[in-house]
Amino acid sequence: MPVTVRLGLFYGAIFIGTGASSPYLPVWFADQGLSGARIGLILSLPMLARAFTAPLLAIWADSFRLRRTALMLMAVAVTVAYALMALPGGFAWWTVVWFAASSMYSTLSPLADVIVLARARRDGFNYGWPRGIGSAAFIVGNIGMGALLTRGSPDLVLVWMVAAVAVTSLAARVLLPPDPVHEEGEVAGLSDRMAGLSALLRDPVFMTAAVSAGLIQSAHAFYYSFSTLVWQQQGIAEDLTGVLWAVGVA
C-alpha cells in the first residue's frame, strides 16, 4: 500500500472520531443533565490548558526512538478515558476524564503532521492528499453520527468515539511508518528536548503564528461546542446538523 494512502487512512481513523465528537458530544452531555454553563466549562478547560499540555506531550513524545510509539500509547490511553466517561460519575468526574482525554487526543493530529510533513519532503508527495482523506473521514463522522442520532440514543456518540480511537491505536502500529524521532536513531535527553522548546518560545515569528492560530480557533469555539444544541432548539434534526457541518468541512 502506498505510504500516502497509509498516512491518509491514519488521519481518517483520527478524524472519523472527531467528526462525531465535535458536533455531538455536547448532545451527550446535555442528555446526562448538564447545563450549558457546565458543558462549556468541561469543553473549554482542555483548550485553555493546551498551550501548556501540548508542548509537554510533544516533549514526552520525543523521548521515544520511533515517532509512532507515542501516538500508539496516547490512543490507547484515550480509548480507556472515553470508556471511563460512561461511568455515572457526574460533573467533576467528566471534567477530569474529558480533560485528560481531550488533551491527548488533540495532540495526535499534530504529532501525525510531523511524520507526514517529513515524509512529504523526503518522498515528494503533497501533504494535502493524506490530510484530505482525514477531512473526508471527518465528514463521514458528521453525517454518520447525525443519521444514527435520529434513530438512537445519545449514548451512541460515546460508543462511536471509543470505537474510533481504538481503531486509531491499532492504525498507529499498522499504518504509520517506523520513522525515528532522530535520524541517528538515538533518544534525546530531557535537556535537549527542553532546549528545542525554549528556542521556539524565543522565536517571534513562531509565537506570532501560534497566537494568531489561537485567535482563529477561539473565534469558532462556541460553534464547536453549542451549534448542535442551538440547532436542536430551532427544530433542526441531528442528521441535517451533520450535513451542515459536512458542508463547512467540504
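1. The second largest pocket holds about 240 Å³ of space, where a pocket is defined on a 1 Å grid over the protein atoms alone as an open set of points with protein on both sides within 12 Å along at least five of seven lines, and where the volume is the space filled by probe spheres set on the points, which are joined across faces, edges and corners. The model is a predicted one, in which local features need pLDDT of at least 70 and side-chain atom pairs count only at pLDDT 80 or more, while totals for chains, interfaces and linings use all residues. Residues are numbered from 1 along each chain as its sequence is written, and side-chain values use heavy atoms, with hydrogens and water left out.

2. The lining of this second largest pocket, meaning residues with an atom within 4 Å of a point, consists of R67, V114, I115, A118, R119, R122, D179, P180, V181, H182 and E183. Helix 4 provides the largest share, five residues, helices being DSSP runs of H or I with at least four residues, numbered from the N terminus. By class the lining has five nonpolar, one polar and five charged residues, on a scheme in which Ala, Val, Leu, Ile, Met, Phe, Trp, Tyr, Cys and Pro are nonpolar, Asp, Glu, Lys and Arg are charged, and the others, Gly among them, are polar.

3. R119, R122, D123 and D179 are linked in a network of salt bridges, each such bridge being a side-chain nitrogen of Lys or Arg within 4 Å of a carboxyl oxygen of Asp or Glu; by this rule the count comes to four salt bridges. The side chains of R119 and D179 meet at 2.7 Å, N to O, and this pair links distant parts of the chain, since R119 is in helix 4 and D179 is in the loop between helix 6 (155-174) and helix 7 (190-201), 60 residues apart. Both R119 and D179 are buried, a term that means under 20% relative accessible area, with exposed over 50% and partly exposed in between (1.4 Å probe, protein chains only).

4. R119 also forms a salt bridge with D123, at 3.5 Å from N to O; R119 and D123 are separated by about one helical turn because they stand four residues apart in helix 4. D123 in turn meets R122 in a salt bridge of 3.3 Å, N to O. R119 has a relative accessible area of 13% and is therefore buried, D123 is partly exposed at 37%, and R122 is exposed at 57%.

5. The structure holds one cavity of 30 Å³ or more, a cavity being a set of grid points where a 1.4 Å probe fits but cannot get out. About 40 Å³ of space lies in the largest cavity, which is lined by A61, D62, R67, L71, L111 and V114. Helix 3 and helix 4 (91-123) each supply at least two residues of this lining, whose residues divide into four nonpolar, no polar and two charged.

6. On the surface, V76, V80, L84, L87 and W93 form a nonpolar patch with about 390 Å² of accessible area together, computed by the Shrake-Rupley method with a 1.4 Å probe and only the protein chains shown counting as cover for residues. Such a patch is made of residues with over 30% relative accessible area and no salt bridge, with nonpolar side chains (Val, Leu, Ile, Met, Phe, Trp, Tyr) joined within 5 Å and like charges within 9 Å. Helix 3 (residues 67-84) gives the largest share, three residues; L84 has its place in helix 3 and counts as partly exposed at 33% relative accessibility.
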